[in-house]
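Subject: Structure handover

Hello,

Please find the structure below, followed by notes on what was found in it. Keep it open while you read.

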Amino acid sequence: MPDRISPEKQQRIDFESQFIKFEMIDLLSKTILDELECWANENIFKPLGGNLTVQRPLNESVNACAIANPKRPVEAVIKINMGMIREIYRDSFVFPPFSEQFVKDSSNVAGLNAQFRNLGFTFGSGLPVIPRNKRNAFYFSFEEIYVGRNERFTEDATACRCMYFEVALAWVFFHELSHLVQCHYKLKSQLSAGTDFIEFYELNSSGSNSEENSKEQSREILADMEGIDLTLKYMIRKDIFSAGALYIFMCALGCLYNRFYNGYPERIDIGQGSHPHPIIRHEFSVAFIANAISQKLIEMGYAKDKENVGIAIVYLSVRANLLSGIYWGWRYEDKEKGALTSFMKYSTSHDHESRRACCLALEVEMNMQLVTVASNHLMRDNFLASLSQMKSFFDQSD
Ligand SMILES: [Zn+2]
């Protein structure tokens with residue numbers, strides 16, 4: 001399995017860890033996850049007579065899981081390791097100032113904007129301006145301490161750092177919650193008698209055969225998509241939804257999939273794992289996010305039809321993909337200066353046929369499992385409304 005992380009860069013990152021205050025990430029993640037746990041209990045689990053517990057184990061591994069009890073499916077647990085929370089915090093801290101520096105030092109973003117004819121939705125600065133009334137609560141807690149402290153603590157970078165951490169962590173929580181509310185335990189075929197708990201770990205679990213793998217992998221895609229849908233609804237509910245916040249969310253997803261890509265081969269197939277190839281997860285997520293956002297903007301009265309907002313969403317998505325890919329290469333990977341990372345190569349036509357075949361195979365599995373998901377879903381208002389608007393994720397005409 002290829003390890004793309006540069007040993008020298010990893011050493012520097014390990015060295016940095018001593019400067020990351022545990023108390024800080026403990027407090028910030030607790031604030032977000034306590035509120036999410038409370039929301040899920042009030043709106044999903046308590047009305048069904050159940051309970052959700054969220055735990056943050058002191059474990060270095062970058063992992064998270066959902067645990068379901070088939071005998072009491074409404075008694076559930078979500079675990080997000082502190083190791084994962086720390087890495088999200090680290091990227092939320094470094095990605096925004098990197099973006100500002102990258103735009104100062106290169107013409108890539110100017111070139112991209114020109115391709116989009118410098119229309120009103122493009123922006124030439126490194127980061128979007130998140131309007132003051134759409135910044136999150138963390139920003140206002142840190143504004144006086146951080147903004148203007150040095151050139152890395154611009155107002156935009158601080159607003160984007162605070163937003164990145166909140167939406168990235170919320171998406172991890174909602175991905176796990178989606179395994180539970182979609183009752184994925186009902187779709188596991190190899191339940192041994194007397195199994196009390198079923199765990200859906202995000203890392204290091206492997207399936208037994210490719211037929212079972214493709215079923216498991218399609219459930220991960222379903223959890224990714226409902227995780228996105230719930231994160232967008234969360235942003236709207238918290239009144240922090242804006243084009244800038246959406247862009248930061250897309251960048252955070254890009255960084256997470258780049259992180260998951262380490263260890264995967266540069267070859268796309270169903271493979272042996274319980275999780276799809278991160279390139280495939282990314283393709284489904286990008287397709288779903290574009291559809292879900294345009295639908296929400298129409299519902300909220302910000303757009304008349306999908307064409308109206310489609311081009312702006314494509315711009316944000318292409319730009320987020322570019323910036324998160326370049327950031328990942330610079331920050332973590334062993335590669336030549338200026339070269340595309342292996343992940344970024346897939347933004348081109350690289351290995352198009354295998355990608356398409358893999359996506360279509362997973363889409364078939366997904367559609368079969370959606371019958372069970374739709375009839376057992378624990379939430380009445382769920383992602384199926386967005387999903388039903390999409391005929392197919394991928395062009396099947398050629
Ligand atoms: Zn999962």
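In the contact between helix α2 and helix α6, L28, S29, I32, L33, L36, A40 and I44 of α2 meet F165, E166, L169, A170, F173, L177 and V181 of α6. Two residues are in contact here if their C-beta atoms, placed from the backbone, lie within 7 Å. By class, this contact has 12 nonpolar residues, one polar and one charged. Ala, Val, Leu, Ile, Met, Phe, Trp, Tyr, Cys and Pro count as nonpolar, Asp, Glu, Lys and Arg as charged, and the others, Gly among them, as polar.

Two packed helices are described by the angle between their axes and the distance between the axes. For α2 (residues 22–45) and α6 (residues 155–181), the angle is about 35° and the axes are 10 Å apart. Axes are lines fitted to C-alpha atoms, for helices over the stretch in contact, and angles run from 0 to 180 degrees between N-to-C directions. Helices (H or I, at least four residues) and strands (E, at least two) are DSSP runs, numbered from the N terminus.

This is a predicted model, in which local features need pLDDT of at least 70 and side-chain atom pairs count only at pLDDT 80 or more, while totals for chains, interfaces and linings use all residues. Residues are numbered from 1 along each chain as its sequence is written. The mean pLDDT (the predictor's confidence in each residue, from 0 to 100) of the protein is 91, and 94% of its residues reach 70 or more. Confidence is lowest in strand β4 (residues 198–201), with a mean of 83, and highest in β1, with 98.

Now the strands. β3 (residues 75–80) pairs with β1 (residues 51–55) in the parallel sense over five bridges, and with β2 (residues 64–68) in the antiparallel sense, also over five bridges. Strands pair if DSSP finds at least two bridges between them. I78 in β3 stands opposite V54 and opposite A66. Six residues separate β2 and β3 in their hairpin. The covered face of β3 holds A76, I78 and I80, and the uncovered one E75, V77 and K79.

A residue is buried if 20 or more other C-beta atoms lie within 10 Å of its own, exposed if 12 or fewer, and partly exposed in between; C-beta atoms are placed from the backbone. Y302, in the loop between α9 (278–299) and α10 (306–331), counts as partly exposed because it has 13 C-beta neighbours inside 10 Å.

Regards
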